[in-house]
Amino acid sequence: MGLDFKNRRRKLLASFAEAVGDASRKGEIDVEARPVLEILNESDRFVSTSCCSGRVALVYDTYIHGLHDGEQSQSRAPRVQPNNRRDSGEDDERRVNKRGCEWLVMNHDCASSDEIEQALSLIPSSHTGNAVFKFEPAIFHIECEDLQAAGELLKAACAAGMRESGLMPGQRHVVAMRCSIRIEAPIIVEGERVASPEYVNVLCKQAQMKFAANRKRLFRLKQEVMKLTGRSVETEPTVSSSAISNQIAVQTKTRTKNPAGPPPRSQFANLDWGETNCAHEEILFESDDLRGRWSSASGIWGGKMYICFGYGGAGAHSRRSDIIEVSSSTGNRFFGKSFNVKNDKRGHEPPSARQYSSCSSIASGLLLHAGRHGPAKVLNDTWLLSLPSAQWVKGSASDGPECFRHCSIPVGNGILVFFCLQFECQ
């Protein structure tokens, strides 16, 4: 048995290296599943056979189910052309590999109600089958060297919150690691639509919340398999038990001369098109919670950098509403600490938690514009972080579009916003 496992493990790892993929429907390893699999596959005791990091799907039953005796009719409904999927590299044979089942939508990040409605519109009016909206959480199938290794992996999975995990029957010791945060809701039943567009929108929003919970379990699972394989969890950049320094290494970048020359506009005439060197700096944060954030906005004012809003932090999976102040310490070290901001004197509530905002420095402080409070909650408000008084001042109502992942530059005492992304998942 030991030799058979080693041979199978060697072949599976070789197939991954050759980009053949795993045995899942997608045929390749999802990005968010890679950290867990890389840790397990480096151990001689485990090897992955298939996985999915979580997905939203709209499944269409193309066969007409009989109403009696649980039998299935041999007549088949007209085939539906699949909607745009984001699983690059799948061929049609892999997409539809279950008898009588079409996957109209299959996304491993998010799905909008518009995308679901577009897929539903492709179903012929003569259809008398079923369409189901699904959210399915992460699942891993891991073959283990022996029963002891399987038991240890099962214990780690349960500790990470994946309590529906179990040992699959058979001669091989395969553990299926999964949890119960799923959605399965009928949209069409026997040809009749039973869910309104408004309810479909609610389902999409609920799926986004499930994705967030799913990512939290993936993070915990990564920590547990690190412990199982003897890795030191404290050395991971996303986890620490005390305030530690976070080193930011910026590579030296060379901007080559544009063959066509600098842009012809006169305001760009003084730009340096030669080599630009970036220094190597170090930031010491006062607490773990301030580390590891992303999609924040930042700006410089009064010789200090302010990191505003964003998502995450060590062990956290939520949008942030606070500010981090980064000031110089000694040498090439900088110190980051939580920055307390007073509420607007006019009684406005402080800015909501968000990510993907823009930040521009002006004489009176930092202007922060728009961003995203949630997958379907895109903002268009503007706030002034008044400095050095450290107080929020809410701007007047904006007539501009709701946007996120945009850029802004100061113009006089205001800002010019451009390159807007107005929606992503609504």
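Colleague: Buried means under 20% relative accessible area, exposed means over 50%, and partly exposed lies in between (1.4 Å probe, protein chains only). With that in mind, how many of the seven residues of strand 6 are buried?

Modeller: Five of the seven residues of strand 6 are buried, so the strand is mostly covered. Please note that this is a predicted model: local features need pLDDT of at least 70, side-chain atom pairs count only at pLDDT 80 or more, and totals for chains, interfaces and linings use all residues. Residues are numbered from 1 along each chain as its sequence is written, and side-chain values use heavy atoms, with hydrogens and water left out.

Colleague: How many helices and strands are there in the chain?

Modeller: The chain has six helices and 27 strands. Helices (H or I, at least four residues) and strands (E, at least two) are DSSP runs, numbered from the N terminus.

Colleague: And what percentage of the 426 residues is buried?

Modeller: Buried residues make up 43% of the 426 residues in the chain. Among the contacts with a separation of 6 or more, 62% are between residues 24 or more positions apart; contact means heavy atoms within 4.5 Å.

Colleague: Back to strands, then. What is the order of the open sheet of five strands?

Modeller: The order is 5-2-6-10-11, and the pairing is antiparallel. Two strands pair if DSSP finds at least two bridges between them. Strand 5 (101-107) and strand 11 (192-193) stand at the edges with a single partner strand each, so one side of each is left without a neighbour in the sheet.

Colleague: How many bridges join strand 2 to strand 6?

Modeller: Seven bridges join strand 2 to strand 6, and the two run antiparallel. Val59 has Val132 in strand 6 as its bridge partner. Strand 6 also pairs with strand 10 in the antiparallel sense, over five bridges, and there the bridge partner of Lys134 is Glu184 in strand 10.

Colleague: What about strand 10 and strand 11: how many bridges join them?

Modeller: Two bridges join strand 10 (residues 183-189) to strand 11, again with the strands running antiparallel. Val189 is bridged to Glu192 in strand 11. Helix 6 packs on the sheet as well, touching strand 2, strand 5, strand 6, strand 10 and strand 11, and its direction makes about 160° with that of strand 10.

Colleague: Which strands does helix 4 lie across?

Modeller: Helix 4 lies across strand 2 (55-61), strand 5, strand 6 (130-136), strand 10 and strand 11, and it runs at about 160° to strand 5. Axes here are lines fitted to C-alpha atoms, for helices over the stretch in contact, and angles run from 0 to 180 degrees between N-to-C directions.

Colleague: At what angle do helix 4 and helix 6 pack?

Modeller: Helix 4 (residues 113-121) and helix 6 (residues 197-228) pack at about 130°, with their axes 9 Å apart. They are therefore oblique to each other; angles under 35 degrees count as roughly parallel, over 145 as roughly antiparallel, 65 to 115 as roughly perpendicular and the rest as oblique. Their crossing is right-handed. A crossing is left-handed if the near helix is turned anticlockwise from the far one by less than a right angle, and right-handed if clockwise.

Colleague: Which residues meet there?

Modeller: Ser113, Ile116 and Glu117 of helix 4 meet Pro197, Val200, Asn201 and Cys204 of helix 6. By class, the residues of this contact are four nonpolar, two polar and one charged. Ala, Val, Leu, Ile, Met, Phe, Trp, Tyr, Cys and Pro count as nonpolar, Asp, Glu, Lys and Arg as charged, and the others, Gly among them, as polar.

Colleague: And helix 2 with helix 6: at what angle do they pack?

Modeller: Helix 2 (residues 34-41) and helix 6 pack at about 15°, with their axes 9 Å apart. That makes helix 2 roughly parallel to helix 6, and the crossing is left-handed. The contact involves Pro35, Val36, Ile39 and Leu40 of helix 2 and Leu218, Leu221, Lys222, Val225 and Met226 of helix 6. Eight of these residues are nonpolar, none is polar and one is charged.

Colleague: A last topic: is Leu12 buried, partly exposed or exposed?

Modeller: Leu12 counts as partly exposed because its relative accessibility is 22%. Leu12 is in helix 1 (residues 2-17). Leaving aside residues up to four places away in sequence, Leu12 touches Val47, Ser48 and Thr49.
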